[in-house]
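User: I'm new to this one. Can you walk me through it?

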Amino acid sequence: MTLTKSLLKQPLFKNQVCLKFSDTRVEIRYQNQGCSITVEPENKEETYKLFQLLQFGGMSPEELGQECPGIREQIPDLLIELDRRGMLIDREKSVTSGGVTGPQFYRELYRFLNRLKMRFPESPYTVKMVDKTITREQLIGYSLESYHITHLCPSLLAPSLANYESPKIRQLLRDFFGSELHHDRLIEKSLKSVGIYGQQLQRMLPLPMTFAVCSSLAVFAKHHPLSFKAALLLFEEHCEEFHQLFKQRCQDLDLPSDFYQPILLHAKINDDGAHEEITEVLLQDIAYVSPEDQLVVKKNMTALMESMVLRTHEMLDYYGNPQNRIPRCFDTIGG
């Protein structure tokens, strides 16, 4: 079989294809299926190079053979098998198929999320802070649930580091991962100022919707990298008005500055680090987002935003009920 008889003129991996390399094999996962390819030691460098070229696309099978001459004869059968499993698209044909580049998709995603937000009323936390009906316990509850997210964050992000990405994107993800480490220590200081610390923190349970939101990010990170990149836009949003109201209500209810200052500092660290821009940067070099991928991401972001809205209501309900224990610890629930 010759390279020119390959069905795809410019083969390109779909965005949700995840690659994992080891010394002896390449594992390929796509949605609910996967396969692995054994790599001979003498072909290791060229095999890895081939998969990198397929990640970026834009080359014909003949050009791929020229770049990887040592495995040239194996490339046609490999492309046919990957195409049979639905892991490849033809970049040349995709131009007119409704697909877009990463930067184009970011702009559309940004507009889509803004339209989606208009379907929901203003945050009930903001409303209660504006009309001064929020309670001390509900403000503390906000910090408690923020602790869970900041504490779990490195574990939620870690699966994304195992996906195959370009060197630039891999470094961006590593830097982002590093920038999120130890943010929970700031929230620990906040909680310590209101008498919550030590072993209580180790036994605390997140509310169900906090857990659901965290789980969504972890699932995206491992199984749908494009949705993971998009989800960071929601997780890293900064609202100056919200934090100013939070500070004012804390002062009104005689909560110490040691309670609200770490939370404001955490928001400032994210703002100074331009975390709001992480999604735009991560999508910058993506060559092609298929109509299928666009739809999957938008569905996932809709579900995530709905979960975030439900989480806000759940926090107010739980921490607004004087019968509920604060903090919510494993060995005290129901007792």
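Analyst: One term to start: a charge sits over a ring if NZ of Lys or CZ of Arg is within 6 Å of the ring centre and within 35 degrees of the ring normal. Here, R328 lies over the face of Y318, at 5.9 Å from the ring centre.

User: What kind of model is this, and how are residues numbered?
Analyst: This is a predicted model, where local features need pLDDT of at least 70, side-chain atom pairs count only at pLDDT 80 or more, and totals for chains, interfaces and linings use all residues. Residues are numbered from 1 along each chain as its sequence is written, and side-chain values use heavy atoms, with hydrogens and water left out.

User: How many helices and strands does the protein have?
Analyst: The protein has 16 helices and five strands. Both are DSSP runs, numbered from the N terminus: helices are H or I with at least four residues, strands are E with at least two. The C-alpha trace spans about 75 × 40 × 35 Å along its principal axes.

User: What share of the residues is buried?
Analyst: Of the 335 residues, 47% are buried. Buried means under 20% relative accessible area, exposed over 50%, and partly exposed in between (1.4 Å probe, protein chains only).

User: Which strands pair over five bridges?
Analyst: Strand β2 (residues 17–21) and strand β3 (residues 25–30) do, in the antiparallel sense. Pairing requires at least two bridges found by DSSP. A hairpin of three residues joins β2 to β3. K20 stands opposite E27 in β3.

User: Is E27 buried or partly exposed?
Analyst: E27 is partly exposed, at a relative accessible area of 37%. Its C-alpha is 37 Å from that of M204, which is 177 residues away along the chain.

User: Switching to aromatics. How many aromatic pairs are there?
Analyst: The count comes to ten aromatic pairs. Rings of Phe, Tyr and Trp (its six-membered ring) pair if their centres lie within 6.5 Å; planes under 30 degrees apart count as stacked, over 60 as edge-to-face and the rest as tilted.

User: Why is the pair F13 and F51 stacked?
Analyst: Their ring centres are 6.0 Å apart and their planes are at 5°, so the pair is stacked. F13 lies in strand β1 (residues 11–13) and F51 in helix α1 (residues 44–56), so the pair ties together parts that are 38 residues apart in sequence. Both F13 and F51 are buried.

User: And why is the pair Y142 and F246 tilted?
Analyst: The rings of Y142 and F246 have centres 5.3 Å apart and planes at 50°, so this pair is tilted. It links distant parts of the chain, 104 residues apart: Y142 is in helix α7 (residues 136–157) and F246 in helix α13 (residues 240–252). Y142 and F246 are both buried.

User: Now α8. Which residues of α8 are buried?
Analyst: They are I169, L173, F176 and E180. Seen down the axis of α8, they fall within an arc of 65°, so they line one face of the helix. That arc is taken from the directions from the helix axis to the C-beta atoms.

User: What follows α8?
Analyst: H182 does, with a positive phi near 70°.

User: Last one. Where does S290 lie?
Analyst: S290 is in the loop between α15 (278–283) and α16 (291–319). At 7% relative accessibility, S290 counts as buried.
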